[in-house]
Amino acid sequence: MRLAAALLCAAVLPAPALAGGVAGPIAGEWVVDLSAKPGEVYTRPMVLTLNADGTVSGMFYQSDIEAGRWEADRGRTCVSFRTTDGVGPYHTAACLVGDHVEGQTWAEQRKFLFNWNAARKTGDK
């Protein structure tokens with residue numbers, strides 16, 4: 001009975017807030033590994049802010065996030081957003097998996113889909 005009461009309390013108590021005032025371990029600064037060939041390091045920054053209204057703001061590949069959304073459901077937290085390089089849109093979707101992010105970006109104008117991983121920026125929690 002005590003375990004059930006403790007679980008109920010944990011389920012209704014608010015979690016600690018992170019960037020943007022919303023709880024979510026996917027929020028923060030990440031280093032995205034966009035390396036296309038083994039042994040060639042190619043990384044770019046990603047900054048995610050989860051907003052209370054379900055939107056995502058921040059930056060990916062040095063471009064501002066446009067029309068971003070986030071959702072915590074089915075045991076995972078995911079984001080989806082659009083960026084642009086000034087020529088066309090890039091559509092990105094990513095989920096937190098353990099201590100890292102797994103994602104993919106579709107470059108519509110370049111006709112490619114790229115799978116990537118990201119590690120939390122050192123010192124960011």
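In strand 6, V79 is the bridge partner of W70. This pairing belongs to a predicted model of a chain whose secondary structure comes to one helix and nine strands. The chain has 125 residues, and buried residues make up 30% of them.

**Order of the elements**

- Read from the N terminus, the elements of the chain follow the order α-β-β-β-β-β-β-β-β-β.
- As a general rule, the side chains of a regular strand alternate between the two faces of the sheet.

**Pairing around strand 5**

- Strand 5 and strand 6 run antiparallel and are joined by six bridges.
- The hairpin of strand 5 and strand 6 has two residues between the strands, and in this hairpin R74 takes a positive phi near 55 degrees.
- Strand 5, residues 66-73, is also joined to strand 3, residues 55-60, by two bridges, and these strands run antiparallel.
- V56 stands opposite G68, a residue of strand 5.

**Pairing around strand 1**

- Strand 1, residues 28-33, runs antiparallel to strand 2, residues 43-50, and six bridges join them.
- The bridge partner of V32 is R44, which belongs to strand 2.
- Strand 1 also pairs with strand 9 in the antiparallel sense, over four bridges.
- For W30, the bridge partner in strand 9 is R120.

**The disulfide**

- The structure holds one disulfide, which is formed by C78 and C95 with their sulfur atoms 1.9 Å apart.
- C78 counts as buried because its relative accessibility of 17% falls under the cut-off of 20%.
- C95 is buried as well, with a relative accessible area of 17%.

**Aromatic residues**

- The count of aromatic pairs comes to three, where rings of Phe, Tyr and Trp pair if their centres lie within 6.5 Å.
- One aromatic cluster is formed by F60, F81 and W116.
- In general, the distance of the centres and the angle of the planes describe a pair of aromatic rings.

**The largest pocket**

- The largest pocket has a volume of about 350 Å³.
- Its lining consists of 15 residues, of which L34, Y61, Y90, R110 and F112 are the closest to the centre of the pocket.
- By residue type, the lining of the largest pocket divides into nine nonpolar, four polar and two charged residues.
- Strand 6, residues 76-84, and strand 9, residues 112-120, each supply at least two residues of this lining.
- Strand 9 gives the largest share of the lining, three residues.

- Strand 9 pairs with strand 1 over four bridges and supplies three residues of the lining of the largest pocket.

Conventions
Residues numbered from 1 in each chain as written. Predicted model: local features only at pLDDT ≥ 70, side-chain atom pairs only at ≥ 80, totals over all residues. Heavy atoms only, no water. 1 Å grid on protein atoms, 1.4 Å probe; cavity = no way out; pocket = protein on both sides within 12 Å on 5 of 7 lines; lining within 4 Å. Points joined across faces, edges and corners; volume = space filled by probe spheres on them. Nonpolar A, V, L, I, M, F, W, Y, C, P; charged D, E, K, R; others polar. Pairing = 2+ DSSP bridges. Disulfide = S-S within 2.5 Å. Buried < 20%, exposed > 50% of the residue type's maximum accessible area, 1.4 Å probe, protein only. Phe/Tyr/Trp six-rings, centres within 6.5 Å; stacked < 30°, edge-to-face > 60°.
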